[in-house]
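Open the model in your viewer and follow the stops below in order.

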Amino acid sequence: MEGYSYTIWIVLLPFLVFLLTGVSSLRIRPQLAGWIGTGGILTTLVLSLYTAAQYFLASAPPEGGWPTVTPLDFTWLKFSDTLHVHMGILLDPISVMMLVVISVVSSMVHIYSLGYMKGEHGFARYYAFLSLFSFSMYGLVLATNLFQIYFFWELVGVSSYLLIGFYYDRPSAVAAAKKAFIVTRFADFGFLVGILLLSWHSGTFDFAALTNPDGSGIAEAASATFMGASVLTWALVLIFMGGAGKSAMFPLHIWLPDAMEGPTPVSALIHAATMVVAGVYLVARLFPVYHMSDGPALDIVAWTGAFTALFAAVIAITQEDIKRVLAYSTMSQIGYMMMALGVSGYGAEAGLGFTASMFHLFTHAMFKALLFLGAGAVIHAVHSNIMSDMGGLRRYLPLTHGTFLVACLAIAGIPPFAGFFSKDEILTATMHKNPVLYGVALLVAGLTALYMFRLYFRIFWGEDRRYEHTPHEAPAAMWVPLMLLAVLSTVGGFIPFGHFVTADHLPVGSHLDLTIALTAGGISVAGILAAMALYRKPSAQPDRIAESLGGLYRTVSRKFYIDELYQAVTKKVLFKGIAWPVAWFDRNVVDASMNGIAWLTTRAARAIKGIQSGQVQHYALSFVMGTVALAALFIYWLKR
Amino acid sequence: MIPGVSLLEILTVSTLMFFIGVYGFVTRRNLITILMSLELVLNGAAINFVAFNKYLYPGQPAGQFFTLFLIAVAAAEVALAIAIVINLYRRIKSVEVENVNTLKH
Amino acid sequence: MNILLLILIIPTLTILALLFSKGKEQARLVSAAGMGLQFVAAFYLLFAFLQERAAGNTADMLFTSSYLWFTPLNIRFDLGVDGVSVALILLTAIVSLAGVFISWKMEDLAKEYFVSLIALATGVFGFFVTLDLFTMFLFYELAVIPMYLLIGIWGSGPKEYSAMKLTLMLMGGSAFLLVGLLGLYFNSTGVEGQHTFNLMEIAASGIPVEAQRLFFPLTFVGFGVLGAMFPFHTWSPDGHASAPTAVSMLHAGVLMKLGGYGCYRVAVFLMPQAAGEMAWFFIILTGFSVIYGAFGAIRQTDLKFINAYSSVSHCGLVLFAILMLNKTAMNGAILQMISHGLMTALFFALIGMLYERTHTRIVQEMGGLMKVLPFISACYVIAGLASLGLPGLSGFVAEMSIFFGAFEHADSFHRVWTILAVSAIVVTAVYILRVVGAMLMGPITNPEYAHLPAASWYEKTGALLLLLPIAAIGMAPLWLSEMIRYSLEPVIRQLGM
């Protein structure tokens, strides 16, 4: 149990780097800030890998499964005499796995950015924000309790806001940052209410107490009912709403495609590999609770995930901006993970979905970061995000081309690349649970292969554009991370994940289901072949297909008009329907009635002010009359 | 104690003086006349003081003291009032009371 | 000497010294020195208080002393503090010092300006250190009157209108208040059987429930006006918009806290039964304030108006939390007062700096200021994030305490209003980010803005004085929250009776 006290530095170091570079960001030499940031994150990478090695590799798993270690736990705030907020560090299989994911991707992005962001205005600020993000993300995954997760949840949200809005002189970036923050904030409103409900009934935030296998921590919440469902179900659904917001699940997904306005390495780190999977992590973290609740909470997770996976994959086929294709692909893959969690059981073979979800999270982080960084290299070379400005780049960017191909194969699920193994596990898990979901999952697998290779062929094959400036391969700071991630995307699948990460911490042997592997592989290959036929050579075929689909195609490429719907709701209902009337009401009713009182007073004063004529003699007369009247009264009184 | 004259007669005179003064104060428009009316009011009061002292409390001189005091104050007051009137005349070239109404509202 | 007397004497001496100062340089130096000393004294008070508590002194009020002032009516000058007042004194000291720095460049009638400003602060300090209703009321009025002069003379825009409106509405509030306080006095029984103004004595003997029912609403509304409770909040937008920067800071930062503090210390503490009976009505009003203020802020275009409506929302939350009548929420209320005090003062300071440079407060007329004014803009963003309740900054701690406290009531009335209040965090995010996006980010809209002067040392000092406590409380709230929580014990005891 002992010997993990150094893990505190994994969290603290990025925070210190943030303070240092943030405070001095205007004066410090940009390059120096970059090196400080990168040095800091590489140190946490070493520490994280060391933690993982110490946790997983130093010994075989003990009898009771992988242990839960809390090297640090202190009281941060006391709400009431019983409800305390703790901050601490919790090490268990999923948090250690997340440590590895975050530190690896974050390190790669830090190094990559040294090249990609070179010479940008605000380079030091960029590294300060990256450090802030790393700090928050580490804090989030290492959280010992629900409140700590919420704490860092908001902080990753704001780092994301700051980084999306990094190019703050671009109105589109500002709008995207604002949208991302507000949409996730809305989701967090649900999350917070969920926490309020759950903590009120259970009297604790602590994961250990909440996930107690005998269900004692949540018994009260499970027995209380509200509107036909148990309070526990309500709380879990609300908490999932928070997760869905962060992980861009339908219908709270609208911020993610816009978030691509941020610098590309940021998209790789935050909006592909780490922050957006926080929702998955949250559900996984509370998985025992979800499992113990009898209500439909897990089904909601599964169906939301499945629907988002399909929905996003369909949209991805029609997008022209390469980063947006990748964004929808991310949504789709996260939907996959959610679906896997939703169909999972608890323990042994039934818990395959959980393992698969975490596995896919791991492999996806590697190959999606690779895809984004590769896209960054392409954008760096072509100075455009739009696919129609690209083509034939394989000749100019051989390294990028190679690594990008690896990532595409990985995400499409072609053996022996990483995605194949994790996807296979997800498919197996869904097949055992629900044939409809299984069908959706297979369909999404095919679509994934199609849109990824559409992207690949249109960038690297197709027509050579005769570029004005000959595109050139990125500097070493950029291609080294690409290579490393490519290696990880290739070998990552061979990690026996079931041995390490399961819902109940007990190792499970995993094996490949050959039927499913062949089915899924076949569908993926079909997708790739279709993409190849359509896009390898420049042809009018794709446009013809699009035209023949007419309105359907337009609807999809406009993302099913969800953005427009939101726009209408916020502009018409919230602004015009509530905010404007409130402001009007305040000025013209509330304030006017206050002014009305003042006006009445003035009018009353005007009515009686004629008495005050300014003629001394009038005053004297009334004085005399008054005296006489008083005297008369007085005499009358005396007489009586 | 004036032989043959009762308190009532003296009081009648002083009351007449007082109310003539009040009447003049309220109706006259010239500030100087108003001032003169004021003097009548004061002197009416002064006569009352002396008369009450003489007829009702002969042993106590308080009424006479008051009268002396009143004469002194009236003198000071007249001096002040004349000064104000003169200043007013310099400013608005009039001693008519209607023209002095800037104190209202 | 009683350290609390020191808290009163330092500003008084500063005012006296100011009367003898010549020129604006001397005036501001004297003010800075006086308020700096007060700042030190406030921290000294904090440490003395904590030491006393650590030494095992468990009395409700510490550093008490009593001076008989007017025997026939048994009016005393009672001093004493608990954790709540210590925290608020600290807040006042910080905000007034920052206010002096922000007014560093005050040109006209500098001496008179600083005298009024510090007189205002003195009133607030006095209010927090006394335990006697009469003296409290006296200091309350002392704080309100300089406000009229400060806005009427040094203000901008329709300043006479705003000054008049603000003063009249606050005076209207204090009329209610006076009736309430007198009602308390005539229903009280002191230790020797006579009527008393002393808070602790009134609390110990209790007020008859019939009298409570009559005077609780009067007192609560009286203080509520100062706390910008709907529908008596409309002085706030106009008043703030016309007031000079430092006055807005002090006003929103500390003066409005008198309202919350009074509701807690007088209305709820002395009349617990009526508070319990009538809470529902005021919960509706204040809960409505929270949402209403937030939505009202969305539509505004003037920075000061936005901030004023935001204050309506945040101060509504303070009163809302006090009405929850439990420890967690009340703790949150006090934390929210401190947090909001620091944050709004910072907002107003920054708005003042921006106005000085751009000569406008209309959001749409500015743009891209982040590039030219990085310090001010960064502070504005941080203040905004504190306002929308970002973890790691003070607003989060306060809001969470309030929400969790409010959730301790399990009935659906409280639940519904709590969830409505929670939903305001989303609306807050909308209006804060809207301003940040339009004003600080985006391209520079006005070419003249490219050469705006950077923040000077006194502006930076003022801003940092407010910014650092926001972050400090946000990151390590336990000591403050525990100090306050412990001091809430008497109120909870009263409510439990």
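This is a predicted model: local features need pLDDT of at least 70, side-chain atom pairs count only at pLDDT 80 or more; totals for chains, interfaces and linings use all residues.

Select the residues where the two chains meet: 38 residues of chain A are in contact with 42 residues of chain C. On the chain A side, strand E1 (69–78), helix H5 (146–164), helix H6 (171–202) and helix H25 (562–608) each supply at least two residues. H6(A) gives the largest share, 12 residues. Colour this side of chain A by residue class and it divides into 28 nonpolar, 3 polar and 7 charged residues.

Next, stay in chain A and select helix H15 (residues 322–343) together with H16(A). How far apart are the axes of H15(A) and H16(A), and at what angle do the helices pack? The axes are 9 Å apart and the angle is about 175 degrees. Angles over 145 degrees count as roughly antiparallel, so that is how H15(A) and H16(A) run relative to each other. To see the contact itself, show side chains: among those from H15(A) are A:Leu326, A:Tyr336 and A:Leu341, and the residues they meet in H16(A) include A:Phe354, A:His360 and A:Leu371. The contact of these two helices has 14 nonpolar, 6 polar and 2 charged residues.

Last, select helix H20 (residues 476–491) of chain A. Its 16 residues should span 22 Å at 1.5 Å a residue, and the end C-alpha atoms are 22 Å apart, which agrees. Buried residues of H20(A) include A:Met478, A:Trp479, A:Leu482 and A:Leu485. What do the buried residues of H20(A) pack against? Show helix H3 (93–116), helix H16 (352–382), helix H17 (398–412) and helix H18 (418–433) of chain A to see these partners.

Methods:
Residues are numbered from 1 along each chain as its sequence is written. Chains are lettered from A and ligands numbered from 1 in the order in which they are written. Two residues are in contact if their C-beta atoms, placed from the backbone, lie within 7 Å. Helices (H or I, at least four residues) and strands (E, at least two) are DSSP runs, numbered from the N terminus. Ala, Val, Leu, Ile, Met, Phe, Trp, Tyr, Cys and Pro count as nonpolar, Asp, Glu, Lys and Arg as charged, and the others, Gly among them, as polar. The expected span of a helix is 1.5 Å times one less than its number of residues. A residue is buried if 20 or more other C-beta atoms lie within 10 Å of its own, exposed if 12 or fewer, and partly exposed in between; C-beta atoms are placed from the backbone. Axes are lines fitted to C-alpha atoms, for helices over the stretch in contact, and angles run from 0 to 180 degrees between N-to-C directions. Angles under 35 degrees count as roughly parallel, over 145 as roughly antiparallel, 65 to 115 as roughly perpendicular and the rest as oblique.
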